[in-house]
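Here are my notes for someone opening this model for the first time. Have it on screen and follow the points in order.

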Amino acid sequence: MRQAPAPPSVAMDCLRMGILFLVVALLPFMIPYVGGYVGLSVEMVIFAIFALGFDLLLGYTGILSFGQAAYFGLAGYTMGLVCIHFNVPPIVGMCAGVLVGSLAAVVIGLLIIRKTGIYFAMLTIAFGQMFFFIASRWTDVTGGEDGLTGIPRNLISIGPFSWNVTNDLSFYYFVFIFFVLATLVKYWLVQSHFGLVLKTIRENETRAQMVGYNVRRYKLYSFIIAGIFAAVAGVLYAMFLRYMFPQTLDWIRSGNVVIMGLVGGLGTLFGPIVGAGVVTYLMNFTSYYTKYWQFVMGVIFVVFILFFPRGIWGFVERRRSGTS
Amino acid sequence: MNLLETKALTKHFGSLMAVNGVDFSIHKGELKSIIGPNGAGKTTFFNLLTGMFPPTDGQILFKDQNITGSTPAQVAGLGIGRSFQITSIFPELSVFDNVYIPALRYYSKEDARKRSMEILEDVDLADEAEDLAGNLSHGDKRHLDIAIALTCRSELLLLDEPTSGMPSEESARTAQLIVKLKKEHGYTIVLIEHKMDIVLAISDTITVLNFGFKLAEGTPEEIKGNEEVQRAYLGGLEAGFQEGMAARPSRSLEGKEILRLQDVNSFYGESHILHNVGLNVRNGEIVTLLGRNGAGKTTTLRTILGLTPPSSGSITFNGERVSGLAPQAVVNRGISLVPAERRVFANLTVQENLELPFFTKGIPTSEKRSQIEQAYKYFPTLERRRYNKGNKLSGGEQQMLAMARALMGRVSLVLLDEPSQGLAPIIVKNVADIIREINNRGVTILLVEQNALLALELADRVYVIDKGLIVYEGQPQTLLADRELSQRLLGV
């Protein structure tokens with residue numbers, strides 16, 4: 001009897017994640033050397049959290065959503081509104097934001113998960129735009145086009161511990177904690193039975209069903225988890241800017257996260273993180289030099305789709321396995 | 001005791017009656033084959049059993065429990081595993097994961113690993129465990145498809161044409177595997193299969209479906225002797241037909257050659273499909289290319305059209321080399337295709353479907369109108385359905401539309417890919433009349449068929465293709481007269 005192939009080495013992955021965390025921890029100190037600033041590294045890491053969740057949906061389950069910003073923005077707005085109107089500490093606002101963003105993902109997921117392919121993608125856009133219009137038109141509550149100002153970022157206190165995150169560098173390490181958690185959770189999910197089933201759905205949905213998996217439920221969970229990641233990123237973003245504006249809910253922002261996944265490499269552990277970092281950095285960099293920065297981004301995107309369809313990380317992994 | 005039983009199981013798709021009041025039963029440990037012509041409802045029957053769609057009427061009982069209306073996942077959970085006619089695996093996962101992940105649904109991690117390796121040993125894929133499933137050979141993919149079906153703690157296996165597209169040596173290996181699954185592992189097996197030698201050799205009993213009805217049931221011997229079955233399934237090559245054929249005047253067509261294939265080789269990825277194929281078609285002829293499933297018939301048509309460009313060899317049309325041209329360029333020179341799947345534009349009306357070919361051809365509107373009117377004259381049914389969308393047509397109507405559409409524009413050669421596929425005999429007869437009619441109007445036809453009856457009846461000349469090689473060329477009468485030859489080449 002032949003032995004089953006060895007399961008993927010957890011020790012190796014832990015080592016790789018350790019290196020990743022070290023690099024990301026040092027990012028604020030390295031970024032000035034490539035023309036960035038601490039705030040940019042905060043954004044990079046926030047979007048990495050967003051992209052990690054999205055990768056579970058598109059990279060692992062094969063479901064394309066163009067409406068993830070809805071949960072991102074909704075969570076951010078909720079956090080802001082709760083903090084401003086009820087005068088509660090930021091941590092309570094964060095919990096409320098994540099809760100509302102995730103609940104929206106649950107409700108919308110339940111409504112649309114039976115649709116597939118382009119119909120599903122269109123519905124995600126429709127719901128996303130619905131929130132966008134509410135945010136831009138319901139001026140009394142959301143501040144409309146002017147945005148919601150006055151979102152607090154000061155003292156984070158849990159029990160006896162408190163941490164002042166007013167300055168960007170300390171806030172960076174606050175976000176970093178969530179980033180580490182998000183990476184570990186994603187890693188754990190992907191290795192788990194649940195994650196394996198998602199892959200079979202991506203590969204062949206009918207067959208996954210035919211071997212006994214309740215495909216629709218798995219897809220729904222995947223959608224909800226992506227929504228939770230988006231919501232976490234959303235509240236951190238609201239805190240970071242101390243400000244929310246309707247464009248955070250827009251489908252263009254949802255599209256950005258798709259681009260991050262594609263550029264970094266979908267369906268890999270590090271790809272979405274690399275993608276979020278690279279895309280956020282490039283957007284900032286190109287918009288500094290030219291007002292046609294979206295054109296430059298478009299070209300970069302096209303080049304990736306045509307020549308590196310597996311993204312940066314997919315390319316790196318392939319090169320490595322090709323040479324070893 | 002019956003492990004599985006259906007009572008008057010029925011499925012209608014609109015006006016198409018795919019499965020009609022089928023009573024079926026199989027007892028534990030039995031190997032029962034379902035045979036029947038294309039479109040007989042075999043796969044639909046499996047789809048009903050596995051809950052892919054609900055039956056219109058009737059009941060499904062598994063271990064005396066009514067499971068009608070269960071979802072596919074529930075059916076799998078009961079221990080009914082199913083393989084697919086069109087290979088259904090997880091291509092970007094390893095061979096091991098293809099089996100291991102489904103097994104996790106039913107076993108603990110450790111047991112799932114053990115069980116997966118057992119299954120892979122059984123289907124002879126243990127050595128390939130770490131390979132990517134998508135990189136396996138066609139035969140190995142077919143076996144992996146079966147392996148996935150074994151993971152559901154299955155008692156009952158539904159195997160849908162496990163040997164489809166396999167050469168005969170490889171089919172024999174698959175047949176052995178099926179026998180092993182039954183004898184050594186005690187599976188109860190329902191097998192859909194076209195290869196009669198395999199069916200007759202390994203089945204305990206055989207059920208014959210025809211147009212959704214159960215036509216006959218019995219042991220292999222009984223089925224072999226059943227005249228009705230012979231007529232329905234084996235293409236009706238009975239004595240009367242042969243006499244009719246012999247009496248048919250053979251047309252001597254000395255038109256000039258319009259299509260010529262010379263030493264054509266084609267590949268799908270790594271697999272070599274056509275081997276030095278040579279054939280020619282003269283103006284005004286009906287030429288048929290016969291062969292079994294997977295013999296290379298459709299590939300020949302695809303190669304002519306440039307959809308699967310030949311790797312070597314040449315194709316000339318009216319003296320001009322067309323190999324290497326893009327499909328649309330070939331079509332614009334006057335060749336058109338009626339694909340086996342018909343490919344009617346589902347959301348366009350019949351009229352729009354017919355207008356479509358004119359957009360690129362620069363043909364004046366008056367000619368377009370008259371051609372379409374002409375088409376309606378040949379296909380009065382289509383005129384009645386002029387403003388109905390493609391997806392509202394029955395199978396037969398879609399076939400007519402596909403044929404009518406192929407004639408639009410200035411077409412001199414029509415390639416017909418299995419026009420009889422999935423059609424009732426009466427409609428097949430219609431189709432034959434239409435083909436003859438089109439031909440009489442001066443359109444040359446290259447017809448690809450599995451249905452020997454239709455192909456031989458129409459043909460001026462016949463080619464037989466097997467495993468990508470042209471193995472016979474000649475008159476249909478000669479082929480039929482030679483019992484031994486037609487048996488060997490066509491399996492009839």
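This is a predicted model: local features need pLDDT of at least 70, side-chain atom pairs count only at pLDDT 80 or more; totals for chains, interfaces and linings use all residues.

1. Residues are numbered from 1 along each chain as its sequence is written, while chains are lettered from A and ligands numbered from 1 in the order in which they are written.

2. Start with a hairpin in chain B. Strands β9 (residues 205-210) and β10 (residues 213-218) of chain B pair in the antiparallel sense, over five bridges. B:Thr207 has B:Glu217 of β10(B) as its bridge partner. Two residues sit between the strands of this hairpin, and B:Phe211 takes a positive phi near 50 degrees there.

3. Next, look at an open sheet in chain B: its four strands come in the order β12-β11-β14-β15, with antiparallel pairing. Strands β12 (271-282) and β15 (320-321) of chain B are at the edges with a single partner strand each, so one side of each has no neighbour in the sheet. Helix α11 (residues 297-305) of chain B packs on this sheet and touches β11, β12 and β14 of chain B; its direction makes about 70 degrees with that of β12(B). (Angles run from 0 to 180 degrees between N-to-C directions, and axes are lines fitted to C-alpha atoms, for helices over the stretch in contact.) Further in, β11 (residues 257-268) and β14 (residues 312-317) of chain B are joined by five bridges, and B:Leu259 has B:Phe317 of β14(B) as its bridge partner.

4. Now for burial. A residue is buried if 20 or more other C-beta atoms lie within 10 Å of its own, exposed if 12 or fewer, and partly exposed in between, with C-beta atoms placed from the backbone. Strand β18 (residues 444-449) of chain B is mostly covered, with six of its six residues buried. On one side these are B:Thr444, B:Leu446 and B:Val448, and on the other B:Ile445, B:Leu447 and B:Glu449. Two strands pair with β18(B) in the parallel sense over five bridges each: β13 (residues 286-290) of chain B and β17 (residues 413-417) of chain B. B:Val287 stands opposite B:Leu446, and B:Val414 has B:Ile445 as its bridge partner.

5. Helix α1 (residues 42-49) of chain B is largely enclosed by the rest of the structure, because seven of its eight residues are buried. Among them are B:Phe45, B:Phe46 and B:Leu48, along with B:Lys42. After α1(B) comes B:Gly51, with a positive phi near 75 degrees.

6. Where do the chains meet? In all, 27 residues of chain B are in contact with 19 residues of chain A (contact is C-beta atoms, placed from the backbone, within 7 Å). On the side of chain B that touches chain A, α2 (72-77), α3 (95-104) and α4 (109-122) of chain B give two or more residues. That side divides into 16 nonpolar, five polar and six charged residues. (Ala, Val, Leu, Ile, Met, Phe, Trp, Tyr, Cys and Pro count as nonpolar, Asp, Glu, Lys and Arg as charged, and the others, Gly among them, as polar.)

7. A:Arg2 is worth a look here. This residue lies in the segment before α1 (10-30) of chain A and counts as exposed, because it has 11 C-beta neighbours inside 10 Å. Leaving aside neighbours within four places in sequence, A:Arg2 is in contact with B:Met117, B:Glu121 and B:Ala126.

8. Finally, a helix pair in chain A. Helices α3 (residues 69-86) and α4 (residues 90-112) of chain A pack at an angle of about 145 degrees, with their axes 7 Å apart. Among the residues in this contact are A:Leu74 and A:Met79 of α3(A), and A:Val98 and A:Gly101 of α4(A). By class, the contact has 15 nonpolar, five polar and no charged residues.

Key. Two strands pair if DSSP finds at least two bridges between them. Two residues are in contact if their C-beta atoms, placed from the backbone, lie within 7 Å.
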